[in-house]
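Please keep the model open beside this note. The points below go through it one region at a time.

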Amino acid sequence: MSQKAPVSFVVTIGFMLFALFFGAGNLIFPPMLGQLAGTNVWIANAGFLVTGVGLPLLAITAFVFSGADDLRSLASRVHPVFGMVFTIVLYLAIGPFFAIPRSGNVSFDIGIKPFLSEQAGPAPLILFTILFFAIACFLSLNPMKIIHVVGKILTPIKLTFIGIIAITAIIYPIGALQAPQADYTSHVFFKGFQEGYLTLDALVAFVFGMIIVNAIKEKGVTAKKRVLATCAKATMIAGLLLALFYTALSFMGASSVEKLGYLENGAEVLAKVSNYYFGSYGAILLGLMITVACLTTSVGLITACSTFFHSLFPKISYKKFAVILSVFSTLVANIGLTQLIKVSVPILMTMYPIAISLLFLTFLHKAFNGRPEVYQGSLFFTFLISLFDGLKAAGVENSFVYHYFSQYLPLYDVGLGWLLPSIIGGVCGYMISVFRKNMYHVQKQKEA
């Protein structure tokens, strides 16, 4: 018989969700948003919270609501081939292409770079990433309890220290908010909305969903309504904490410009703000904590990705995949954090609208009886628009196409041009499914 989750357990799951999403990598985006948004920081932050907090937690709820065993089975509602391709691309995005290398970059930019001269060159990053991912690979090959212990000890210490920095920045701002930069002078909310894509959290949430469901069921909560209720309460706790931290970090970045100037990325902002308030000792402590946190994150991602790809290609061992992913991540990390973010944007601009459409279709699954044509029509039309958005972000522009989209697609100029086509595609898919069903019945009647 299904039990009701106690309040203490719901709170634990809420903090667990918060810890899963609030990785060291996510620390770098709100401060940079704040620097560029300036006096428009509150509006930009609101948009960021929608995609950086709202969508990931909604994706967790959608996964629980779907009852699917894993991401591949959920995505296969569209088509088995789509389920395979989408899952592989997602694991590559949260793994060796972006998230794993980013953990090494963030560690370097916060823990090492502030103490180097500008003439240091690429050698320190190369040496650091080789050592960082060698350790990550070793720990992934030989899972140790110490990683879990370090994670449990480090997370509250890290959050406490980041909290102290953020609260200090609010009570004693470094300087006055400056005028917003070009990208944040118009459509500010939607610029923040798109910046939330960089966290990768809405994509990672589909994977985290399995962890949450298993944790809830292990507590004896098995009835779907109670699992959903537990999940909803836990996500509210996690969402509130994430929103508070992101907002504080955004303001910290915005108030830092007057004295620190415009910096290259969020990691540099965090490092210099820490040094400003607490001196070199504060910067060293922050660097150590972030490095260990990133190391723990990278071990978890290498383990998850290696396990997934080993399940697809059993002939290649888990350990070989762990080594391959670690080596590849080392190479990718050496393009630098700023460049890595630039490279990731086109892919995320293409993927995120598809993930968002899949998320909402999951909630509407019963309304259209799970007809595959609805999924296919909606996601196909979404992909057509998001693909051009991705190409535009990569600097590959077709003036005719973009002029046409800008003229005739509602919300295109604010990055939501895919929304109406997604709805139209779903409606068209539903009509096609009804037509096919009617034709099938007619054919059966003729055969009878």
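1. **Ground rules.** Contact, in this note, means heavy atoms within 4.5 Å. This is a predicted model, where local features need pLDDT of at least 70, side-chain atom pairs count only at pLDDT 80 or more, and totals for chains, interfaces and linings use all residues. Residues are numbered from 1 along each chain as its sequence is written, and side-chain values use heavy atoms, with hydrogens and water left out.

2. **Gly370.** Start in the loop between α14 (337–363) and α15, where Gly370 is found. Helices here are DSSP runs (H or I, at least four residues), numbered from the N terminus. Setting aside neighbours within four places in sequence, Gly370 is in contact with His365 and Tyr375. Gly370 counts as buried because its relative accessible area is 15%. The cut-offs are these: buried is under 20% relative accessible area, exposed is over 50%, and partly exposed is in between (1.4 Å probe, protein chains only). Gly370 and Tyr430 are 60 residues apart in sequence, yet their C-alpha atoms are 9.9 Å apart in space.

3. **Asn369.** The loop between α14 and α15 also holds Asn369. Its phi is near 55°, a positive value in a residue other than glycine. Is Asn369 buried or exposed? Asn369 is exposed, at 59% relative accessible area.

4. **Leu200.** Leu200 has a phi of about 70°, although it is not a glycine. Leu200 sits in the loop between α9 (188–195) and α10 (201–218). With a relative accessible area of 1%, Leu200 is buried.

5. **Val374.** Move on to helix α15, where Val374 lies. Val374 is buried, at 5% relative accessible area. Leaving out neighbours within four places in sequence, Val374 is in contact with Leu361, Phe368, Gly426, Gly429 and Tyr430. Val374 and Ile423 are 49 residues apart along the chain, and 9.5 Å separates their C-alpha atoms.

6. **The α17 side.** Ile423 is found in helix α17 (residues 419–447). Ile423 also belongs to a nonpolar surface patch of about 600 Å², together with Leu411, Leu419, Leu420, Ile424, Val427 and Met431. Patches are made of residues with over 30% relative accessible area and no salt bridge; like charges are joined within 9 Å, nonpolar side chains (Val, Leu, Ile, Met, Phe, Trp, Tyr) within 5 Å. The areas come from the Shrake-Rupley method with a 1.4 Å probe, and for residues only the protein chains shown count as cover.

7. **Salt bridges.** How many salt bridges does the structure hold? There are five. A salt bridge is a side-chain nitrogen of Lys or Arg within 4 Å of a carboxyl oxygen of Asp or Glu. Side chains of opposite charge can pair when their charged atoms come close.

8. **Arg436 and Glu373.** These two form a salt bridge, with the closest N and O atoms 3.2 Å apart. Arg436 lies in helix α17 and Glu373 in helix α15 (residues 372–393), so the pair ties together parts that are 63 residues apart in sequence. Glu373 is buried, at 16% relative accessible area.

9. **Lys113 and Glu264.** Here the closest N and O atoms of the salt bridge are 3.3 Å apart. The pair links distant parts of the chain, 151 residues apart: Lys113 is in the loop between α6 (99–111) and α7 (123–141), and Glu264 is in the loop between α11 (224–260) and α12. Lys113 is partly exposed at 31%, and Glu264 is partly exposed at 47%.

10. **A network.** Salt bridges link Asp183, Lys191 and Glu195 in a network. Lys191 and Asp183 meet at 3.9 Å, N to O. Asp183 counts as exposed, at 52% relative accessibility.

11. **The core.** The largest nonpolar core has 132 residues, and Phe22, Phe86 and Leu203 touch the most other members. Helix α12 (residues 266–312) gives the most to this core, with 17 residues. A nonpolar core is a set of buried Ala, Val, Leu, Ile, Met, Phe, Trp, Tyr and Cys residues joined through side-chain atoms within 4.5 Å. Beyond neighbours within four places in sequence, Phe86 is in contact with Leu71, Ala75, Met351, Ile354, Ala355 and Leu358.

Methods
Helices (H or I, at least four residues) and strands (E, at least two) are DSSP runs, numbered from the N terminus.
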